[in-house]
Amino acid sequence: MAPSIEVQGLSYKFPDGSSGLKDIKLSLPPGSRTLLIGANGAGKTTLLRLLSGKRLAPTDTVAVGGVDPFKEGLEGVTYLGVEWVLNSIVRTDIDVPTLLASVGGDAFPERRDELIDILDIDLNWRMHAVSDGERRRVQLAMGLLRPWQVLLLDEITVDLDLLSRSNFLAFLKQETETRACTIVYATHILDNLSQWPTHLVHMHLGQVKQAGSMASFEQEVPHRSAENSLLGDLVLHWLKQDLQARGPRGTKSGQGKTYPTAEAIGGYGLEKPPK
Ligand SMILES: Nc1ncnc2c1ncn2[C@@H]1O[C@H](COP(=O)(O)OP(=O)(O)OP(=O)(O)O)[C@@H](O)[C@H]1O
C-alpha cells in the first residue's frame, strides 16, 4: 500500500530562534498527489525538509508511511529540492549513461529507458555542454530512477520547456495510478496542473491555512477569469488574501533602515556610479 503522510501539531524553529512552522496538521492519504501552495516564504520548503527527515521534527509530529522519517531514515522517500539541483557533478565533463549508472540505473533498466524517453534525453550529451533545461531533465531522470514510495518535490521544473514539463507531470500521475506511491509537490507554476492534484495544501506564514481534496475547494473561487484554470484562479485568490493579511513588508522592524553607500558595496564587484 502507498504511504500516507500524517502531521500532528508540528512547530519548528530555525537555529536562529525564528519561527519556521506553527502547529501544522495534515493528513494526506496513500496514493495522493498534493500541491503545496503558498507565497514566497510561506514555509513550503521548510515543511518538505521536515517531511523528508532532512531536519529534525519534534517527536511524534511527523509520520510518513507510519514512521518518523528522521528516526528511520526512510529508504523510499525521495526529496528533490534546491540543494540537490545545485550538486556540481552534473556540471562536469561526464556523459549521461555514466551519470545514470552512478545512481543505480542498471538495476532499473526499464524505468531508466522510460525516463530517458519521457524526458527526451540525448544519451550523447556531455553534462558540461548542455543547456540548463537539458541538465535539469537529466537530473530529474537521476532523481526519479529509483522507484520511490514518497516523492517530495520542491519546485525544480522551472527550466523545463512546456512539453517536457507536461510529460514529466503525466509521468508522475501515472506513477501514483500504477504503483503504491504518494507525491507532495511545492510549485508556483500551475501550467498543465489543473487536472493533476488530488489534494491542495495552502500555507501562509508558516501555517496551513487550508488543506483538503481538490473537490472540497471547487466552490471557493469567488471570481473566474478568462486567463486561468479554476486552480489558477483559486491560487490567485489565496495569494491576494495572504498579501492583504500580511500587509506591506518592513513597516515596523524595517523602519529607519538605511541603504549602504555605493562605496560600501564596491567589494562585491558592483560598478561604481559615475562621479
Ligand atoms: N535557515 C533559516 N533561518 C531563519 N529563517 C529562515 C531560514 N530558512 C528560511 N527561513 C525563513 O523561513 C520562511 C519560510 O521559508 P521557506 O523556504 O520554507 O519558504 P517557501 O514557502 O519555500 O518559499 P519559496 O516559495 O520562496 O521557495 C521565510 O520567511 C524564510 O526567510
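**Exercise 1.** Determine which residues Leu-36 touches, not counting residues up to four places away in sequence.

*Solution.* Two residues are in contact if their C-beta atoms, placed from the backbone, lie within 7 Å. By this criterion Leu-36 touches Lys-44, Val-184, Tyr-185, Ala-186, Val-201 and Met-203. The model is a predicted one, in which local features need pLDDT of at least 70 and side-chain atom pairs count only at pLDDT 80 or more, while totals for chains, interfaces and linings use all residues. Residues are numbered from 1 along each chain as its sequence is written.

**Exercise 2.** State the order of the strands in the open sheet, and explain why one side of S5 and of S9 is left without a neighbour.

*Solution.* Strands are DSSP runs (E, at least two residues), numbered from the N terminus. Two strands pair if DSSP finds at least two bridges between them. The six strands follow the order S5-S6-S7-S3-S8-S9, with mixed pairing. Strand S5 (77-80) and strand S9 (207-213) stand at the edges and each has a single partner strand, so one side of each lacks a neighbour in the sheet.

**Exercise 3.** Describe how strand S8 is joined to S9.

*Solution.* Strands of a sheet pair through backbone hydrogen bonds, either parallel or antiparallel. Strand S8 (residues 199-204) and S9 run antiparallel and are joined by six bridges. His-202 has Gln-210 in S9 as its bridge partner.

**Exercise 4.** Identify the residues around the ligand.

*Solution.* A residue is near a molecule if its C-beta atom, placed from the backbone, lies within 6 Å of it. The residues around the ligand include Phe-14, Asp-16, Lys-44 and Thr-45, together with Ser-18, Gly-20, Gly-38, Asn-40, Gly-41, Ala-42, Gly-43 and Thr-46.

Methods:
Helix = DSSP H or I, 4+ residues; strand = E, 2+ residues; numbered from the N terminus.
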